[in-house]
Amino acid sequence: MSAMTITWRRTIGMARGFYSTALAIGGFLAASAVLFAFNLESAEGGRMLISSIWAVSVSPVLPVLAAFLAMDVWSSERSSGRIEILLSTPVSEWDYVLGKYLGVFTMTMLTIVLSAIVSCLELNHFAPIALSSSRVIDFFPAFFALALQGALWSAVSVAMSAFFCHAAAAACASLTVLVALPRVAWVAMTKWYNSGNVGFGEMPFDAHVLDMSSGMFRCGTIVSYLLATALMLFVSLKSIQYIRFKGKGSFSARFSTVLTILLACVLCAMSVVLALRLNFVVDIPLSGESRFSSRTKSVLTEARGDITITAFMSRRETKFREISQLMRALKAEADALGGLRLTLRYVDPTWDIGASERLVRAGAKEASVVFESSRSFVELPLIGGVDERRAASAIMRLTTPVQRRTVYWTIGHGEFSLIDYGHWGMSDISHDLARDGYRCRELDLATEANVPSDCAVVVIAGAKTDFSAIESKRIDAYLKQGGRVLVMMDNPKEGGINSLLPQWGVNAARANFTDVRTLSGSDVIVSDFSDHVAANLLKGTQLILERPLVFTASAATTLSNAADALEFSSIASVGGRTVVASVERGAMLGEDLAIRPTRLVVIGDPSFVLNGQLRLRQNANRDFFLNVVSFLSGIDAVTGSGREWNQLSTGFDRHSRVIFTLAGSFLIPSAIFLFLVLVVFRRRHRQ
């Protein structure tokens, strides 16, 4: 057995006998679990893989783990004087350095594997839907990224341990070098420059893990980690040799050792710069099967021609990675369907001067995604968000004629405003409608004699006062002519056209929901959808409604004759009680006699598509609203799915999220910590 192998096994054996090892592993598991729970909540509704979320949760606390695992490997030898005995043996310093380094690295990787196992088992128990689309192979890039960082952090920590006689001093020095200095410097730079995070992007160490865990491997980055690891091992070796050279007449040897270390640092820095300059990217898709919505697939299938998608932004832009992934997925889907030819381009305003100038002259602005065809272009600014739905709408606008359908929003009764950009406005959802080809207009029924002829849907969004008799009459006449109305309400007795609803087949009532799933305590999670066209593609997702009303069929549904029968349908319910309902009249006759059937949808919460709600991105409220508008306007074929491509859904409510966080951050780490403490105690007791 070689000296390096013996040293490796001895290092692991020594680490098993320290209480600090138990504390480091237990603390690492607890801290990473807290970050994992927080990042899961933040990523809800986004497109990050579970493996990426786990990796970026582990990465920030990995240096702390390596620092504590390595703080004793050389400092204990120096404080006890055993290092003099080790250096007097015929074994080379390389064997000692590599053996101790491999011992620390092995312990680090075993802890990372333990964290992955615990996280997956916990998710499988509390939120199996989150793991339903994940594959074991998706975790391999995440392990590779963490292994690269673990190798470097272990090498730095071993080197710091060689400089100090006290373990605590070695740990503090490692934490300063690995955690404090890089992150403080990065925060200072982002605060110093006005561009902040946009100019610099994310913290490089975190960004590297996110890149590689999502399948984007930059060879320059990988080479840089390997070079830095080799440098720190060389520093460890020279620091041990420096100890050997102590004594009289050894000044020249010690000076040459220090000079060698400095030259090695300079050479490593030059090599890293060269590697980053010659960097090239290898992209491995990890998303598995395509999960684009049926609406997006329909747009890509029906579209024809050539479209160029240009990411007009710096590659260090925080959204670049997500947008690049979406662009590549759109191209792969379009190529598979064979209808549309997409070309992808990336234009960095700093480096691609000529291409940037062309885009600016065409009217595009920096920090945007530009969709271009031979006829025109559509620009999606990052500030407004770029996702699957907006990208599909941009493609549809370039490949299909402009649609002239109008959604009218009533005003004058305290309704939420479609031009209000604040937390309590509905500007976001009106912009989504505009991207789908609708025009949004305000409608004052007190001054308009009739609902305009180009109206596709009338939206009554949370009216707080009753419509006047003449206004109610105009809405009633519009419905009788085959009109389409969406009512969002929170008061069953007053506000809007509530008094008109019973004669159109709907009774509304206030309800107390107890023992139901909730996120904040005041809201209700709705996940029970019927086979209605507006909801049949939303199964597996969830709506968040604030204190919703309950709807039942009124007597009008039984008194109507066959010619104008009202058909009441439940779209979504909670505990068997309908919170979203639809009423149709003349649906069956319309097929035979070309009569436009009347459609009415009522939702027991007027606030579920407010800007503040939608920006949380933790539900399917946006998709559900757009689906309802499509159903009312008669565009049933392109009803979108509530779950975008690669969209994360955990299904957590407030109670299950608290239990998940508590179990991952306290119960399981505490059990593992106590087990390791028991192992250390028994080991020392036997000695």
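Me: Which residue of β5 does Thr308 stand opposite?
Reply: Thr308 stands opposite Glu372 in β5. By the way, this is a predicted model, where local features need pLDDT of at least 70, side-chain atom pairs count only at pLDDT 80 or more, and totals for chains, interfaces and linings use all residues. Residues are numbered from 1 along each chain as its sequence is written, and side-chain values use heavy atoms, leaving out hydrogens and water.

Me: What makes strand β3 and strand β5 a pair?
Reply: Two strands pair if DSSP finds at least two bridges between them. Five bridges join β3 (residues 305-312) to β5 (residues 368-372), so they pair, and they run antiparallel.

Me: Why do β4 and β6 count as edges of the sheet?
Reply: The open sheet has the order β4-β3-β5-β6, with mixed pairing. β4 (340-347) and β6 (377-381) each have a single partner strand, so one side of each is left without a neighbour in the sheet.

Me: Why are α2 and α25 called roughly antiparallel?
Reply: Angles, from 0 to 180 degrees between N-to-C directions, count as roughly parallel under 35 degrees, roughly antiparallel over 145, roughly perpendicular from 65 to 115, and oblique otherwise. Helix α2 (residues 19-43) and helix α25 (residues 654-686) pack at about 170°, with axes 8 Å apart, and are therefore roughly antiparallel.

Me: How do you know how confident the predictor is?
Reply: pLDDT gives its confidence in each residue, from 0 to 100. The chain averages 83, and 88% of the residues score at least 70, but pLDDT stays under 50 over residues 194-201.

Definitions and conventions. Contact means heavy atoms within 4.5 Å. Helices (H or I, at least four residues) and strands (E, at least two) are DSSP runs, numbered from the N terminus.
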